[in-house]
Amino acid sequence: MALPGTRSRAKLGCMSNDQMSVGVELSAAESWAMLRHAVVGRLALVVNERPEIFPVNHLVDRGTLVFRTAAGTKLSGALGHWVAFEADGYDVETASAWSVVVKGTAREVNRLYEVLDAFELPLFPWHSSPKPHFIRIEADSITGRRFEVTGGARSAVLPDPIRHTADE
């Protein structure tokens, strides 16, 4: 069974193995669908003329990406600036990987009706510190790609580094 947001090789259309090995571009709709099922992504921005990358959990909402954050570098570096967001995944059934990149402008959700809507989204911080700011990335572009992983599932299944011990 394929993971949510993924398709079996039969559902990928009439792509040959050669096409999958070099990769296929995803449509905007397919790219948004992949992002809907991604658990975590990475926010890339520039702070003091240096690149920064932050892992964030997110949701797709009305053709935009929404995430929560606290005051700090991520918030100040993102607001009103061009940012990039990337998420990727792996489908064990088809031994294929995908990657989606959204580029756009980040803005804080601060209009009353938008804030009320945002609080209804099932978007919760992963840890207990408060993250009161909802940030929406309005996409200027979205690109996605799916490709076959050389070596199939074996190359994507690695031991959990936290649970792995020397006597295993």
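At 0% relative accessibility, Gly41 counts as buried (that's under 20% relative accessible area, with exposed being over 50% and partly exposed in between, using a 1.4 Å probe and protein chains only). A quick note before the views: this is a predicted model, where local features need pLDDT of at least 70 and side-chain atom pairs count only at pLDDT 80 or more, while totals for chains, interfaces and linings use all residues. Residues are numbered from 1 along each chain as its sequence is written, and side-chain values use heavy atoms, with hydrogens and water left out.

**View 1. Gly41 and its contacts.** Gly41 sits in strand 2, residues 41–47 (strands are DSSP runs of E, at least two residues, numbered from the N terminus). Leaving aside residues up to four places away in sequence, Gly41 touches Phe54, Pro55, Val56, His58, Phe85, Glu86 and Ala87 (contact means heavy atoms within 4.5 Å). Take Phe85: 44 residues separate it from Gly41 in sequence, yet their C-alpha atoms are 6.7 Å apart.

**View 2. Arg68 beside His133.** Arg68 belongs to strand 5, residues 64–69, and counts as buried because its relative accessibility is 17%. Its C-alpha is 5.5 Å from that of His133, which is 65 residues away along the chain.

**View 3. His133 and Glu108.** His133 is part of strand 8, residues 133–148. Its side chain makes a polar contact with the side chain of Glu108 at 2.5 Å (a pair of N or O atoms within 3.5 Å; within protein, one must be able to donate a hydrogen and the other to accept it, and residues adjacent in sequence count only if both atoms are side-chain atoms). Again skipping residues up to four places away in sequence, His133 also touches others, including Phe67, Thr69 and Leu75.

Conventions. Helix = DSSP H or I, 4+ residues; strand = E, 2+ residues; numbered from the N terminus.
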